[in-house]
Amino acid sequence: MTATDTQSVHRTATRITEECLAVRVRMLNRTITTIYDDALRPLGLTAGQLNIMVVVTARGPISPGEVAHRLNMEKSTVSRNVERMRKNGWLAVTAAESGHKQQLTLTRRGRTLLAKSHPAWEEAQITAREVLGQRGAEAIHRAATTVWSRTAPA
């Protein structure tokens with residue numbers, strides 16, 4: 001590699017480091033997810049599992065594929081979590097009326113856990129807002145609302 005090539009690669013790396021939205025969003029995601037996971041850990045729950053529980057409660061019965069779509073998660077990630085949650089007794093997995101798709105519903109135990117998780121979630125919300133600052137939290141909320149309005153199913 002010539003000195004010019006090295007300088008060009010260095011400039012590219014510097015620009016990506018300073019400007020890349022993907023890097024920043026991924027960093028924020030890991031930071032904020034850790035806050036929620038830490039708060040929910042005493043309940044044996046992760047932020048991702050809590051999100052699945054909320055979607056299943058709000059939209060259920062619902063297929064795992066629809067959960068993945070609504071949360072913009074990989075289907076394999078949803079499947080792994082659903083299996084853990086089923087084994088923990090938090091989710092019921094049944095066949096749809098057509099018999100082709102699985103349907104997810106929260107069990108009594110899952111509803112109890114969701115209710116118990118509320119104080120931990122509140123704690124995580126406060127911590128996340130402190131980390132982000134009010135303007136940062138509002139900016140994330142606005143950006144997410146914009147993205148969801150363009151991509152979310154009806």
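The model is predicted. Its chain has a mean pLDDT of 91, and 92% of the residues reach 70 or more. Confidence is highest in H3, at a mean of 96, and lowest in helix H1 (residues 3–19), at 89.

Start inside. The largest nonpolar core holds 26 residues. Leu45, Val56, Val67 and Leu91 touch the most other members. Several elements give two or more residues to this core: helices H2 (21–40), H3 (47–59), H4 (64–71), H5 (75–87) and H6 (108–151), plus strand E2 (102–106). H3 provides the largest share, six residues. Val67 shows the packing in detail. Leaving aside residues up to four places away in sequence, Val67 touches Ile52, Val55, Val56, Ile62, Val78 and Leu104.

Now turn to the charges. Side chains of opposite charge can pair when their charged atoms come close. The structure holds four salt bridges. One of them joins Glu19 and Arg15, at 3.0 Å from N to O. Both residues lie in helix H1, four residues apart, about one turn of the helix. Arg15 counts as exposed because its relative accessibility is 54%. Glu19, at 46%, counts as partly exposed.

Helix H4 repeats the theme. Arg70 pairs with Glu66, the closest N and O atoms being 3.0 Å apart. These two are four residues apart in H4, so about one helical turn separates them. Arg70 is partly exposed, with a relative accessible area of 24%. Glu66 is partly exposed at 25%.

A further bridge links Arg41 and Asp38, at 2.8 Å from N to O. Arg41 is exposed, at 53% relative accessibility, while Asp38 is partly exposed, at 40%.

Definitions and conventions
Residues numbered from 1 in each chain as written. Predicted model: local features only at pLDDT ≥ 70, side-chain atom pairs only at ≥ 80, totals over all residues. Heavy atoms only, no water. Core = buried A, V, L, I, M, F, W, Y, C linked by side-chain atoms within 4.5 Å. Buried < 20%, exposed > 50% of the residue type's maximum accessible area, 1.4 Å probe, protein only. Contact = heavy atoms within 4.5 Å. pLDDT = per-residue confidence, 0-100. Salt bridge = Lys/Arg side-chain N within 4 Å of Asp/Glu carboxyl O.
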